[in-house]
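Please view the sequence and the structure before reading on.

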Amino acid sequence: HLTPREQEIRQLLAQRLTNQEISQVLGISVRTAEHHVAQLLAKLGVANRRQVAPVVIRPAMNHDQGFS
C-alpha cells in the first residue's frame, strides 16, 4: 500500500511533472521531492518515472474489467 504522500507523488508523476514542479506543488524542497520519487519508483518496482503512468492507469483498467 502507498502512503498518502506516495499517492500524491504518483499522481504528479503521472501528470509528467518534474521534481522541481513537484516540490513547488507540495511545498517541499527539490531534494525531498527527489527522495520521494526514488522511494516510489522502488516501491512500484519500475525503473523510471515514465513507467509510473502505466502503473497508475493499469489498476483502474483491471478494476473496470472485473465488473463488466
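Contact here means heavy atoms within 4.5 Å. This is a predicted model, in which local features need pLDDT of at least 70 and side-chain atom pairs count only at pLDDT 80 or more, while totals for chains, interfaces and linings use all residues. Residues are numbered from 1 along each chain as its sequence is written, and side-chain values use heavy atoms, with hydrogens and water left out.

**Overall fold**

- The chain has four helices and zero strands (DSSP runs numbered from the N terminus: H or I of at least four residues for helices, E of at least two for strands).
- Of the 68 residues in the chain, 29% are buried (under 20% relative accessible area with a 1.4 Å probe, protein chains only).
- Among contacts in the chain with a separation of 6 or more, 46% join residues 24 or more positions apart.
- The accessible surface of the chain is about 4,800 Å², with 52% belonging to carbon and sulfur atoms (Shrake-Rupley method, 1.4 Å probe).

**Nonpolar core**

- A nonpolar core is a set of buried Ala, Val, Leu, Ile, Met, Phe, Trp, Tyr and Cys residues joined through side-chain atoms within 4.5 Å.
- The largest one has 14 residues, and Ile 9, Leu 13, Ile 22, Leu 26 and Val 37 have the most contacts inside it.
- At least two residues of this core come from each of α1 (4-14), α2 (19-26) and α3 (30-44); α3 gives the largest share, four residues.
- Beyond its neighbours within four places in sequence, Ile 22 is in contact with Ile 9, Leu 12, Leu 13, Leu 17, Ala 33, Val 37 and Arg 49.

**α1 with α3**

- The axes of α1 and α3 (lines fitted to C-alpha atoms over the stretch in contact, with angles from 0 to 180 degrees between N-to-C directions) come within 10 Å and cross at roughly 90°.
- α1 is therefore roughly perpendicular to α3 (65 to 115 degrees).
- Arg 5, Glu 6, Ile 9, Arg 10 and Leu 13 of α1 meet His 36, Val 37, Leu 40 and Lys 43 of α3.
- This contact has four nonpolar, one polar and four charged residues (Ala, Val, Leu, Ile, Met, Phe, Trp, Tyr, Cys and Pro count as nonpolar, Asp, Glu, Lys and Arg as charged, the others as polar).

**α2 with α3**

- The axes of α2 and α3 come within 8 Å and cross at roughly 110°, so the two helices are roughly perpendicular to each other.
- Asn 19, Gln 20, Ile 22 and Ser 23 of α2 meet Val 30, Ala 33, Glu 34 and Val 37 of α3.
- By class, the contact of α2 with α3 has four nonpolar, three polar and one charged residue.

Note on methods: Buried < 20%, exposed > 50% of the residue type's maximum accessible area, 1.4 Å probe, protein only. Parallel < 35°, antiparallel > 145°, perpendicular 65-115°, else oblique.
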